[in-house]
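Subject: Handover of a structure and the findings

Dear colleague,

Please find below the structure that I am handing over to you.

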Amino acid sequence: MDPLSPPPPPPATAAAAAAGEGAGCCDLKLLGSWASSYTHRVQLALKLKGLEFEYAEEDLSNKSPALLQSNPVYQKVPVLLHSPRGAVTESLVILHYLDDAFPALRPLLPSDPFDRALARFWCHFADDKLGPAVGAVFASSGEAQKAAVAQVHENLKLIENELREGAFKGKRFFGGDGIGILDIVLGCGSYWLAVFEEVTEAKLVDPDAFPLFYAWLKDFEAQEEVKDTIPAIDRLLEYARGLRQMILSHTTTATAAAAAATTAAATSTNIAVDSST
Amino acid sequence: MAKEVKLLGQWVSPYVLRVQIALELKGVSYEYLEQQFGENKSELLLKSNPVYKKVPVLIHKDRPICESAIILQYIDEVWGAGGPAVLPSDPYERAIACFWVSYIDDKFGPSLVGLIRGKTDEENAAAAEQAILGLELLEEAYEKSSRGKRFFGGDDVGYLDIVLGSSLRWIEVIEIMRGIKLLDNAKFPLLMAWAERFRAAAVVKKLMPEAGKLMEYAKEVQARMNAAAAN
């Protein structure tokens with residue numbers, strides 16, 4: 001099996017009932033990849049808002065003209081095509097766009113400006129620090145991996161702290177009583193933590209070290225829309241094992257290991273070979 | 001109510017300049033607190049931005065907001081009535097502006113930093129290439145989003161104008177330091193004209209650091225780096 005080419009996708013899931021704001025089935029089209037957590041963010045957001053959309057699975061080893069034309073700068077998924085305006089790219093930009101374009105449908109961001117700034121800050125942190133640290137764990141082994149695991153723990157500690165005594169103290173979700181943008185962003189990467197723990201044998205989310213984060217994650221994963229979005233764990237495991245094998249088979253010497261880890265960290269962060277963002 | 005709003009900044013930082021421009025555009029009075037470089041970070045900075053320990057930090061009613069792009073959005077939302085909207089009001093146009101802001105922060109900005117800090121010819125060449133690619137993309141983006149108007153945002157300085165424009169003084173310094181032309185009039189006529197208009201805007205003229213002072217600072221940084229490398 002070519003680990004770079006994901007197994008055939010599940011049948012395209014039909015979206016929830018059409019939006020009150022009249023987004024018909026052909027107004028919204030999402031170009032994505034089944035294993036991409038960035039794609040999952042947008043799928044989850046669309047489901048939470050109850051928006052109908054068409055989904056097109058991209059073969060990232062053979063990108064469609066539609067993808068290349070609609071995202072010439074990065075050539076990555078996800079891309080949201082909203083007819084007749086055009087393409088919106090970058091998952092965080094797409095999530096904000098959905099709130100702006102469909103303000104009457106279940107908001108993803110809080111309404112208070114300070115709370116919005118906080119949610120945005122931690123979304124930035126997730127993509128800037130936590131994501132790459134997790135990717136580095138996956139892409140490395142031995143001493144380099146130990147250092148990467150320590151980095152993940154440092155980052156999780158910060159989030160745990162915000163849950164315990166900081167900005168999100170006493171809340172069920174980062175968004176409050178219901179899932180919001182930060183839950184989506186953190187949650188749609190966090191299932192990879194369990195996958196990587198299995199595949200690399202590194203301990204990432206110790207429920208004793210990060211009890212609040214762990215409890216939040218389980219609660220998030222139990223939500224209907226989330227269960228509907230995240231692929232089955234055995235498919236993710238199979239995919240991750242293949243990718244991990246490929247990465248490790250390139251690391252025959254220590255220096256090759258360092259080089260491969262740097263490249264692979266950049267690619268495996270997105271878990272679709274540098275093709276999603 | 002000047003004490004209600006504080007800005008932790010450093011005069012050399014284009015990211016801080018972004019916030020100053022936005023506050024000025026909205027007519028917000030604030031207390032500016034210049035922060036030290038290097039090891040001597042203030043208690044207030046460490047307390048306000050424990051995760052990154054960087055400027056700018058906007059403190060409003062004793063609550064900190066970090067990351068310049070996030071601060072700009074916050075200013076637009078809180079002081080909406082103070083001046084023209086910083087972010088586009090149309091959702092799609094806003095998404096396009098946000099995309100380019102994110103591109104500038106992820107790719108273009110780092111290429112400029114690469115040009116300042118580059119130690120080898122290879123590093124500098126790679127950074128220059130990335131910077132020029134960025135300018136090509138932004139020249140095209142300007143053409144598309146402005147639709148013949150004076151700024152990316154239309155008639156007034158907006159989000160993307162502020163974010164890109166805040167780097168103009170550093171681009172000038174880099175061009176002199178590295179002996180290269182980045183904002184080439186032949187290659188980027190629209191951006192050049194836009195840059196002149198941006199620099200001429202009253203709020204920008206008031207706040208942009210002097211080129212000479214910035215050049216001196218850049219030389220000091222280089223000298224320190226060379227000394228460190230020699231050891």
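What percentage of the 277 residues in chain A is buried? Buried residues make up 53% of them. Please keep in mind throughout that this is a predicted model.

**Chain A as a whole**

Chain A contains 10 helices and four strands. Read from the N terminus, its elements follow the order β-α-β-α-β-β-α-α-α-α-α-α-α-α. If one takes the contacts in chain A between residues at least 6 apart in sequence, 72% of them join residues at least 24 apart.

**Helix 4 of chain A**

Helix 4 of chain A covers residues 113-139. At its start, a side-chain oxygen of A:Asp112 comes to within 3.0 Å of the backbone nitrogen of A:Phe114.

**Two cis peptide bonds in chain A**

Most peptide bonds are trans. Which residues of chain A are joined by a cis peptide bond, with omega near 0°? One such bond runs from A:Val77 to A:Pro78. A:Pro78 lies in the loop between helix 2 (65-70) and strand 3 (79-82) of chain A. A cis peptide bond also joins A:Ser83 and A:Pro84, with omega about 0°. A:Pro84 belongs to the loop between strand 3 and strand 4 (86-89) of chain A.

**The sheet of chain B**

In chain B, four strands form an open sheet in the order 2-1-3-4, with mixed pairing. Its edge strands are strand 2 (31-34) and strand 4 (63-66) of chain B, each of which pairs on one side only. On average, neighbouring strands of this sheet are turned by 20° against each other, direction ignored.

Strand 1 of chain B (residues 5-9) pairs with strand 2 of chain B in the parallel sense, over four bridges. Here B:Leu7 stands opposite B:Tyr32, and B:Gly9 stands opposite B:Glu34. With strand 3 of chain B, strand 1 of chain B pairs in the antiparallel sense, also over four bridges. In that pairing, B:Leu8 has B:Val57 as its bridge partner.

Is strand 1 of chain B mostly covered or mostly uncovered? It is mostly covered, as five of its five residues are buried. B:Val5, B:Leu7 and B:Gly9 point one way from the strand, while B:Lys6 and B:Leu8 point the other way.

**Positive phi values in chain B**

Most residues other than glycine have a negative phi. B:Lys53, however, has a positive phi, near 55°. B:Lys53 sits in the loop between helix 2 (43-48) and strand 3 (57-60) of chain B, and it is partly exposed, with a relative accessible area of 38%. The phi of B:Asp62 is also positive, near 70°. B:Asp62 is placed in the loop between strand 3 and strand 4 of chain B, and it is exposed, with a relative accessible area of 70%.

Yours sincerely

Definitions and conventions: Residues numbered from 1 in each chain as written. Chains lettered and ligands numbered in written order. Predicted model: local features only at pLDDT ≥ 70, side-chain atom pairs only at ≥ 80, totals over all residues. Heavy atoms only, no water. Helix = DSSP H or I, 4+ residues; strand = E, 2+ residues; numbered from the N terminus. Expected span 1.5 Å × (residues − 1). Polar contact = N/O pair within 3.5 Å; in protein donor to acceptor, adjacent residues only side chain to side chain. Pairing = 2+ DSSP bridges. Axes fitted to C-alpha atoms, helices over the stretch in contact; angles between N-to-C directions. Buried < 20%, exposed > 50% of the residue type's maximum accessible area, 1.4 Å probe, protein only. Contact = heavy atoms within 4.5 Å.
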